[in-house]
Amino acid sequence: HEHALRGRDAHLLLYFKASADPCNAVLRSWEGHDPCSGSWIGVTCYRSRVVGLRLDHASLTGSVTPLFGLTRLRVLSLRRNNLTGSLPHLTTLNNPRLRRLSLSHNKLRGTLNVSLPSLVSLRVEHNQFSGGVEGLRLPNVSDFNVSSNQLSGQVTDLLSKFPASAFEGNQGLCGSPLPGCGEVSRLSDDTTAVSPSPASLQSATDSSSPRSSTKVGFTALLAIGISDLLVIAIGLVVIVGMYLWLRKKLITSLNGAAASIRELEPDQLQREEKEKDRSLICFEGGEDLRLDCLLKSSAEVLGKGLSGSTYRAVLEDGIIVAVKRLSAVQFPSHCKAFDRQMHLIGRVRHPRVVSLRAYCNAHEEKLLVYDFMPNGSLLSLLHLSCAGEGSGRTLDWISRKQILMGAAEGIAFIHAFPARSPLVHANIKPSNILIDEQGNACIAEWGIMRFASNFHQAMPHYPSGCLSDGAMFAAGTTTRLGYRAPELVNGKEQPTQESDVYSFGMVLLEVVTDKEIDDAESEGEVMGMVKIGMMCTAECPEERPKANQVVRMLSDFL
Ligand SMILES: Nc1ncnc2c1ncn2[C@@H]1O[C@H](COP(=O)(O)OP(=O)(O)OP(=O)(O)O)[C@@H](O)[C@H]1O
């Protein structure tokens with residue numbers, strides 16, 4: 001029976017692929033009958049069943065309906081694609097385990113009917129959904145957004161706990177937290193009352209003589225004036241009374257609260273403070289992460305560097321993340337600037353930059369949770385013998401060029417990201433250039449090293465003997481500085497975007513001067529790339545090209 005169900009998962013995914021990626025451009029790796037082989041891009045499995053599908057920004061088209069046949073699915077994230085059609089009625093019968101559903105920025109239409117107690121996140125903003133929201137029965141959802149659709153009708157009581165921003169951009173929706181539906185219709189009634197049609201005005205004037213109308217008008221005006229005064233006086237009395245009553249109540253409750261705070265034991269306060277500290281701060285795509293789940297997950301050490309150790313953690317729902325545990329020696333303090341930097345890093349989203357999904361900045365523990373990159377690092381591909389790691393694969397020339405291009409794009413994106421002061425990676429080296437499911441390079445662990453207490457010791461350099469002599473020669477480096485820009489060696493300067501370009505230049509020279517390349521046709525290209533590397537590693541920082549210029553130069557070779 002289990003075997004048949006696994007076959008059904010594969011069948012449903014391939015059925016989805018047929019309409020989502022008809023040119024086989026993105027889902028090329030979806031081949032064969034086993035989606036859990038590890039090679040199907042975006043698919044996460046647990047005990048040989050598909051539990052997660054994440055394919056954001058993948059230019060997918062067609063309908064999502066086949067995916068709701070995956071009965072073990074927990075996470076479905078297909079943001080920013082071109083998906084069309086409607087959603088089926090989602091109930092516990094067909095999707096009992098679905099926890100996160102992210103379909104924002106697509107072209108989905110039809111009505112929304114989702115009643116799933118398992119769901120904790122529903123994001124369908126920027127689509128074309130229509131009809132009411134009464135079909136949404138989501139008792140446990142904490143992350144919710146249906147904004148910028150064509151929904152109408154009253155927001156139900158269950159959903160009114162979410163902020164107005166979760167509903168805005170739907171012309172026809174009303175009721176808390178949006179303006180009340182009654183208010184809208186009363187307003188329109190009033191408008192009709194004060195602006196009668198010219199025809200009715202005309203008939204009103206015609207029906208009575210000018211004399212009688214003046215008499216009646218005067219008496220009526222007097223009566224209205226007196227009654228208005230009375231109403232205003234009564235209103236004032238009521239308002240003053242309510243003000244005095246509320247003031248009294250507020251003072252009593254404030255006194256009560258102050259007393260109960262005083263009553264708290266000091267260590268209880270400390271405990272609460274610690275609890276707050278120990279929680280994870282989550283960013284887009286990591287909203288579901290919890291510190292206790294992370295600590296309970298099965299973890300395996302990926303490696304250890306100067307800044308700390310990195311673990312591969314498999315969470316309860318089968319999702320795999322990389323957790324960097326920062327060294328307490330290098331990152332001893334609990335500073336606000338670190339929090340600000342993490343919030344900035346958590347906002348950066350680019351296919352060539354590894355996403356930070358959450359972090360924890362407790363006094364005794366600093367954890368950073370990243371997307372897990374399943375294909376190792378450039379270091380493992382290049383220096384199998386030096387690093388004592390790697391899968392034993394050798395890199396062909398085309399892959400080398402693509403990896404360099406991907407890394408340069410990631411760095412250029414970070415450098416151009418709008419921030420108060422220019423953003424800097426400060427730790428560019430092959431172990432921080434990771435390879436994603438499709439073999440593309442992604443820049444990892446940026447922006448952390450400037451918080452290291454022994455920053456200059458931690459700067460990227462390389463174990464003596466590993467950086468090839470060809471690369472050292474091309475860069476004109478006689479001392480073994482490795483990836484560290486010469487201006488940083490005295491330990492007084494802070495890293496800059498120019499020093500990042502230097503480090504990238506060293507990586508580039510290392511990749512293109514490697515003895516392993518035996519493709520004679522590429523000789524001319526090697527020379528061209530070496531020239532780029534030499535420009536990047538110019539002694540004088542001002543003479544080095546900007547990262548976006550490096551991207552442009554590299555693109556000539558692709
Ligand atoms: N998100 C990730 N996905 C997969 N592997 C990762 C991820 N982040 C880091 N790694 C791998 O984990 C190993 C250890 O990384 P870590 O960053 O802790 O050390 P390092 O890069 O060698 O040194 P440093 O502390 O200076 O950054 C490296 O092989 C790295 O490529």
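Figure 1. Helices (H or I, at least four residues) and strands (E, at least two) are DSSP runs, numbered from the N terminus. Two strands pair if DSSP finds at least two bridges between them. Strands β20 (residues 356–361) and β21 (residues 366–371) run antiparallel and are joined by 5 bridges. Strand β16 (residues 281–282) also pairs with β20 in the antiparallel sense, over 2 bridges. Here the bridge partner of I281 in β20 is Y359. A residue is buried if 20 or more other C-beta atoms lie within 10 Å of its own, exposed if 12 or fewer, and partly exposed in between, with C-beta atoms placed from the backbone. In β20, 6 of 6 residues are buried. Residues are numbered from 1 along each chain as its sequence is written. Local features need pLDDT of at least 70, side-chain atom pairs count only at pLDDT 80 or more, and totals for chains, interfaces and linings use all residues.

**Figure 2. The open sheet β8-β11-β14-β15.** This sheet has 4 strands in parallel pairing. Its edge strands, each pairing on one side only, are β8 (109–110) and β15 (172–174). Strand β8 runs parallel to β11 (residues 128–131), with 2 bridges joining them. At one of these positions, R109 has Q128 in β11 as its bridge partner.

**Figure 3. The shell around the ligand.** The ligand is surrounded by 22 residues, where a residue counts as near if its C-beta atom, placed from the backbone, lies within 6 Å of the molecule. The closest are G303, G305, S307, A322 and S377. Two or more residues of the shell come from each of β17 (298–305), β18 (308–314) and β19 (320–326). Strand β17 gives the most, with 4 residues. The shell divides into 9 nonpolar, 10 polar and 3 charged residues. In this division, Ala, Val, Leu, Ile, Met, Phe, Trp, Tyr, Cys and Pro count as nonpolar, Asp, Glu, Lys and Arg as charged, and the others, Gly among them, as polar.

**Figure 4. The largest nonpolar core, around A408.** A nonpolar core is a set of buried Ala, Val, Leu, Ile, Met, Phe, Trp, Tyr and Cys residues joined through C-beta atoms within 7 Å. The largest one has 116 residues, and A408, I443, F504 and L508 have the most contacts inside it. Helix α13 (residues 497–512) supplies the largest share of this core, 9 residues. Two residues are in contact if their C-beta atoms, placed from the backbone, lie within 7 Å. Neighbours within four places in sequence aside, A408 contacts F504, A547, V550, V551 and L554.

**Figure 5. H33 in the loop between α1 and β1.** H33 lies between α1 (2–20) and β1 (43–46). H33 is exposed because 11 other C-beta atoms lie within 10 Å. Residues up to four places away in sequence not counted, H33 touches G7 and A10. The C-alpha atoms of H33 and H11 are separated by 7.8 Å, although these residues are 22 residues apart along the chain.

Figure 6. The pLDDT is the predictor's confidence in each residue, from 0 to 100. Its mean over the protein chain is 80, and 78% of the residues reach 70 or more. Over residues 184–216 the pLDDT stays under 50, and the model has 4 contacts beyond four places in sequence for this stretch. Residues 253–269 also have pLDDT below 50, with 1 contact beyond near neighbours in sequence. Where pLDDT is low, the predicted coordinates should not be read in detail.
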